[in-house]
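Please read them with the structure open.

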Amino acid sequence: MAMERTGSGSRALFPKAPSFTVEDFSNKDFIVRDFVDDLAESALSSNRRSGSAQQAFDPKPLIRTFENALQGLGSLSEELQARESDLLSQVRRAETQHDQTVDTLGRKLEQSIDQFEALDLTLNNPNENERTSRGEGGGNIAVQIGEKLEELDRKRRRAQDANFLVQCWLQVSEYGELTLLQNIQLNGGSENKVRCAVIAHQLMKISQRLDPVAWGHSNGLHRNGATNGDSDTMEKRHNTREMLEKFCETLEQDLLKQFNNSYRKQNFDDMKECAKVLYDFNGGASVIAVFVNQHQFFIDRDQLITDEVTMDGETWDQLADPDSEPPGVEPSLQSLVDEVKIVMQEESFIIKRAFPYYETVLIKFIQRVFQQSIQQRLEMVLEKANTISSLAFLRSLHSSRSYIGALVEDLKAHGLTEHPEPCSPQISQTLDQQMEELFVPYIVGNSYIEREKKSLEELFNSLLFKYNIYHSRRKKAPTGFMASLAQQTNQLMASAKDAYLERLESSDLTPTQKAMMLRVAGVQDTDKNKNEIEVSETEGVLTTANAKRMLTWLAESVRRTLELGSQSDTPKDVAILLNLLLTNMGQVYVETALEAALEKATSQENVKTEPDLSYLPSVRPAVTISSMMNRFTNTVLIRLAESNTTVRRSMEAQAKMGIESIEKKAGSIMKSTVDVIVNWVSKSLATQKKLDFLPKDELSIIESLQTPTCTQICLFLSKCTRLISQAVDGANLEVFSSELALEIQRLLFEHFKKFKVNATGGLMVTKDIAKYVATLKEWPLSKDVEAAVELLTEIGYLFIIGPEALRERSRNLAAAGAASSVAAKKLVKADFKAFIQSRDDARSIGVQSVLSSL
């Protein structure tokens with residue numbers, strides 16, 4: 001240590017210890033490795049200066065340097081710990097002081113809240129109790145002072161307004177001037193304009209009372225105390241009414257001009273101010289009229305209103321063609337409606353921003369759009385459609401109603417001024433009302449359904465024209481029951497034919513509709529006398545294609561009726577359409593064909609030649625058409641009338657009666673057909689020769705399959721089978737075939753009892769019966785009838801088996817109580833005995849023993 005304190009020129013024996021401070025370690029670039037390297041470098045460099053380069057490594061300088069560094073670091077660590085302890089003490093003292101401050105502020109806040117609540121209770125509930133009467137008295141006083149101040153302010157304003165009003169009146173009545181009002185007007189601003197308008201109205205009322213002469217009341221002044229001596233004064237008075245009206249008119253025109261200028265500039269705030277002033281001035285009628293009448297949409301549409309409807313001729317022809325799909329709404333009307341939709345949505349936004357009473361303005365705008373633009377175009381479209389045909393008019397009316405109805409629903413959903421919310425109830429009601437008013441002239445009362453009825457009648461009469469001519473010319477049956485049965489149908493058929501011819505000659509029939517009626521009827525316009533045209537047999541045949549066309553036309557009419565007619569009138573309307581369907585399709589079309597078939601069937605019952613059953617195929621389409629008609633009636637028409645019980649029941653009864661009439665006539669045809677077939681089979685059996693079953697030549701029996709009578713009958717029955725299957729099917733065919741087979745079986749039973757049969761003839765009987773049975777079994781028979789037919793085979797065996805076999809079969813006969821073999825499904829004794837007695841060996845001992853055993 002003594003050596004370290006030597007002079008500066010001498011060097012110490014040991015190097016100085018390294019010195020460093022806290023700032024050295026606080027530097028962000030401090031690296032521990034570099035710090036250690038520096039210490040080591042400082043120790044080694046001093047060692048190099050003290051000795052030669054060849055000197056051995058000496059660790060002592062490093063040890064002393066690092067020991068000194070550790071001592072310095074220990075001193076710094078103690079210093080830092082002392083500073084940290086001091087800082088922690090300061091933090092604890094600051095936290096304690098902060099907690100005390102928060103507690104103090106919290107208590108002061110609670111006191112402020114309590115004082116505020118007490119003051120609030122005092123002001124709002126002054127009479128609650130007497131404990132806080134002092135505070136309550138202060139609250140009452142504050143409220144009373146405020147009310148008195150407001151009342152005084154109102155009185156002051158009223159006094160000022162009255163004073164100003166008197167000054168204005170004196171000015172206008174004495175000097176004929178309105179300077180004060182004009183000054184207010186020139187000041188501008190919404191409030192000044194409103195005040196100016198209000199004062200002008202009040203001056204008008206004062207003028208009516210104090211200046212009756214200006215309003216045409218000559219005796220008014222005398223009632224208000226004036227005498228004849230005041231005539232000079234009266235002459236000096238000015239015409240206050242005229243002056244005030246001119247001022248009001250000028251004020252109104254200025255406001256309207258300002259409104260228009262603001263509208264062009266899209267200054268909605270100024271528009272709203274003007275609209276508000278004009279509403280206070282005259283209810284807003286003038287500004288609404290200016291906004292609506294001068295709208296560019298109406299100006300442009302007024303120029304286009306004279307344009308013709310734009311649908312081409314081919315589209316009009318399609319519209320008038322009942323077999324084509326309606327082409328939709330007329331293009332010019334469609335364009336207008338689409339434009340209305342866009343304009344309404346855009347203008348509703350402007351109306352809401354420009355008018356404080358926007359609903360009133362929107363209602364006026366809607367009324368103008370519907371009553372002017374849409375109505376005029378709709379009338380033009382319908383007038384044009386009416387010149388095409390009645391069907392074109394109805395289709396145009398329906399498509400227009402549907403398209404405009406879609407517009408109304410879109411506007412309601414859009415909301416207009418309430419967008420994006422739905423429309424207000426008042427706007428929705430206005431839209432519905434305008435929609436209804438557009439179409440009221442066309443659907444009021446029974447006018448619409450009468451148009452539908454007339455159109456359908458024209459179509460049905462056209463389609464059935466040749467059919468009616470054919471059946472009106474066919475040879476009628478003799479007078480009697482059948483003629484009286486068909487009398488009503490014949491009258492309807494003749495009426496329909498005459499109505500068609502009369503309509504063709506009508507002067508108000510359009511060329512397009514005439515061409516359509518001729519096309520549907522299949523008649524050429526070159527035919528001079530339509531009633532004398534040639535018709536083929538196919539024109540008088542029922543076809544389901546025609547029935548489908550009629551039902552398609554009717555279904556389209558029902559759809560239009562539902563959408564165009566009122567809901568309360570729907571039952572009555574569909575009842576009219578049902579009556580039209582039953583009359584034209586049921587009576588004129590189906591029943592006419594059935595009556596023709598029935599007349600032919602009746603005429604064939606007693607013919608001498610083979611009967612012609614070609615009328616049978618007409619039954620099948622009649623049944624099919626009646627089924628289609630019945631299904632359409634029950635699933636569509638009657639369901640639409642459920643809201644009216646009386647009408648629905650009447651329709652059900654009417655439909656039931658119509659279907660039963662068709663079924664009754666179809667049943668009569670099939671019953672008559674059974675009689676025709678049975679009569680002809682009976683006549684054919686009567687031609688059977690007596691010797692057919694007593695042959696003497698066995699070779700001829702072997703060569704021939706059946707007797708000629710059997711062959712003829714079976715061929716006839718095969719023809720009947722084909723025609724019957726074309727007339728009925730399913731269960732009806734089985735019932736008819738079973739009934740016919742039973743009748744023929746009875747005939748055959750009785751037939752074979754009439755002939756003597758030898759052993760060889762028994763073979764022929766067996767062949768004939770086998771042929772009869774095979775022919776009858778070709779028909780769809782019930783099980784009982786099929787068993788009865790099989791019973792015929794027993795007859796053939798009875799003629800060819802011996803006595804012992806006969807005795808065996810006699811043991812299996814039906815009970816004694818059975819009336820007939822057919823009913824018992826087994827041979828009864830009487831029939832068994834009759835057949836045995838027809839054998840040529842019936843008198844032999846063996847056969848007689850069998851008969852005696854019975």
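The points below go from the whole chain to single residues.

1. Overall make-up. This is a predicted model. The protein has 35 helices and zero strands. Of its 854 residues, 41% count as buried. The accessible surface comes to about 47,800 Å². Carbon and sulfur atoms hold 51% of that area.

2. Contact range. Take the contacts between residues at least 6 apart in sequence. Of these, 76% join residues at least 24 apart.

3. Helix 28. This helix covers residues 730-751, which is 22 residues. At 1.5 Å a residue it should span 32 Å.

4. K466. Which side chain of opposite charge is nearest to K466? It is E539, 4.0 Å away. Beyond its neighbours within four places in sequence, K466 is in contact with A521, G522, V523, I533, V535 and E539.

5. Surface patch. I141, I145, L149 and L152 form a nonpolar patch on the surface. Together they have about 400 Å² of accessible area. L152 belongs to helix 4, residues 133-175. Is L152 buried or exposed? Its relative accessible area is 54%, so L152 counts as exposed; the cut-off is over 50%.

Definitions and conventions
Residues are numbered from 1 along each chain as its sequence is written. This is a predicted model: local features need pLDDT of at least 70, side-chain atom pairs count only at pLDDT 80 or more; totals for chains, interfaces and linings use all residues. Side-chain values use heavy atoms; hydrogens and water are left out. Patches are made of residues with over 30% relative accessible area and no salt bridge: like charges are joined within 9 Å, nonpolar side chains (Val, Leu, Ile, Met, Phe, Trp, Tyr) within 5 Å. Accessible areas come from the Shrake-Rupley method with a 1.4 Å probe; for residues, only the protein chains shown count as cover. Helices (H or I, at least four residues) and strands (E, at least two) are DSSP runs, numbered from the N terminus. Buried means under 20% relative accessible area, exposed over 50%, partly exposed in between (1.4 Å probe, protein chains only). Lys and Arg count as positive and Asp and Glu as negative; His and the chain ends are not counted. Contact means heavy atoms within 4.5 Å. The expected span of a helix is 1.5 Å times one less than its number of residues.
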